[in-house]
Amino acid sequence: MTLKSSTQTVPEVSLVPRHIALIMDGNGRWATKRFMPRVAGHAKGVEAVRGVVEACAKAGVEYVTFFAFSSENWRRPQEEVSVLMRLFMTALEREVAKMHANGIRLKIVGDLDRFDDKLQQMIASAERKTAGNTRMTVTVCANYGGRWDIMQATGKMVAANPGVTTFTEEMLAPHLSMAYAPEPDLFIRTGGEERISNFLLWQLAYTELYFTETYWPDFDAAALERALVSYQRRERRFGRTSEQLTEQAAAVKC
Ligand code: IPE
Ligand code: IPE
Ligand code: MG
């Protein structure tokens, strides 16, 4: 099944977002504020992921996507990168069984070849184990970049259409790394920065954006609830006028 993109058709909108994508930012500052090493913030950040996954499952969200490590995060000090990789492995070891028991499908997307073999094997095995679960899909974006995604999809699209020189959105979309999910309805970035940092560039075309000053380790169920309330107040027009939406709602009521 190919999911239509928001620039091709107007998606159905419900009060609870079907798909939430999050940039978990502010771990380092959370730790520095407490005179702790930055990596302590990353460790605490893993706990926040668990809380948000549970709260999303309770709220009926179908897809939750976390930006865990960007294509550009390799630029960080080697020691911090190593700690992040170790944390990722430990989290996989600890959390996969629990997620599986809770009916959660786990997907890891990004340019995974750059990770060491052991981590790649753990990723493949976690995905295999949870592949049949249907309650919710949790995606972790690791060594992910929006531009990388568009480029890898373009390469696959060209290879799949030999001799073709004119391409459409419909031809590219199935090759994007998250083709299995609808586009995010709600994007949340913690930590106070108001930027996309090369996250899901293609998929965020019509996503509602929510920024909060809260550092990621402090982002709990109550903070998520505030984002959901903000989302419910938005009018998603997808290019149409507000009057058209009112007329449509009146027609549905008749
Ligand atoms: C986000 O927190 C986690 C990752 C990028 C892995 P940061 O580490 O960017 O925290 P700040 O922005 O320095 O506070
Ligand atoms: C974005 O956070 C990437 C992740 C959360 C994984 P950064 O903290 O790396 O973003 P920039 O560099 O400040 O934009
Ligand atoms: Mg940051």
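Modeller: Let us begin with a term: two strands pair if DSSP finds at least two bridges between them. Strands (E, at least two residues) and helices (H or I, at least four) are DSSP runs, numbered from the N terminus. This is a predicted model, in which local features need pLDDT of at least 70 and side-chain atom pairs count only at pLDDT 80 or more, while totals for chains, interfaces and linings use all residues. Residues are numbered from 1 along each chain as its sequence is written, and side-chain values use heavy atoms, with hydrogens and water left out.

Colleague: In what order do the strands of the open sheet lie?
Modeller: The six strands follow the order β3-β4-β2-β1-β5-β6, and their pairing is parallel.

Colleague: Which strands are at the edges?
Modeller: They are β3 (104–109) and β6 (208–211), each of which pairs on one side only.

Colleague: How many bridges join β3 to β4?
Modeller: Six bridges join these parallel strands, β4 being residues 136–144. Within β4, Thr137 is the bridge partner of Arg105.

Colleague: What does Leu92 touch?
Modeller: Not counting residues up to four places away in sequence, Leu92 touches several residues, among them Leu106, Ile108 and Met122. Contact here means heavy atoms within 4.5 Å.

Colleague: A change of topic: where does Glu235 lie?
Modeller: Glu235 is in the loop between α7 (221–232) and α8 (242–253).

Colleague: Why does Glu235 count as partly exposed?
Modeller: Because its relative accessibility is 33%.

Colleague: What polar contact does the side chain of Glu235 make with that of Ser242?
Modeller: The contact is 3.0 Å; another, of 2.6 Å, joins the side chains of Glu235 and Arg237. A polar contact is a pair of N or O atoms within 3.5 Å; within protein, one must be able to donate a hydrogen and the other to accept it, and residues adjacent in sequence count only if both atoms are side-chain atoms.

Note on methods:
Chains lettered and ligands numbered in written order. Buried < 20%, exposed > 50% of the residue type's maximum accessible area, 1.4 Å probe, protein only.
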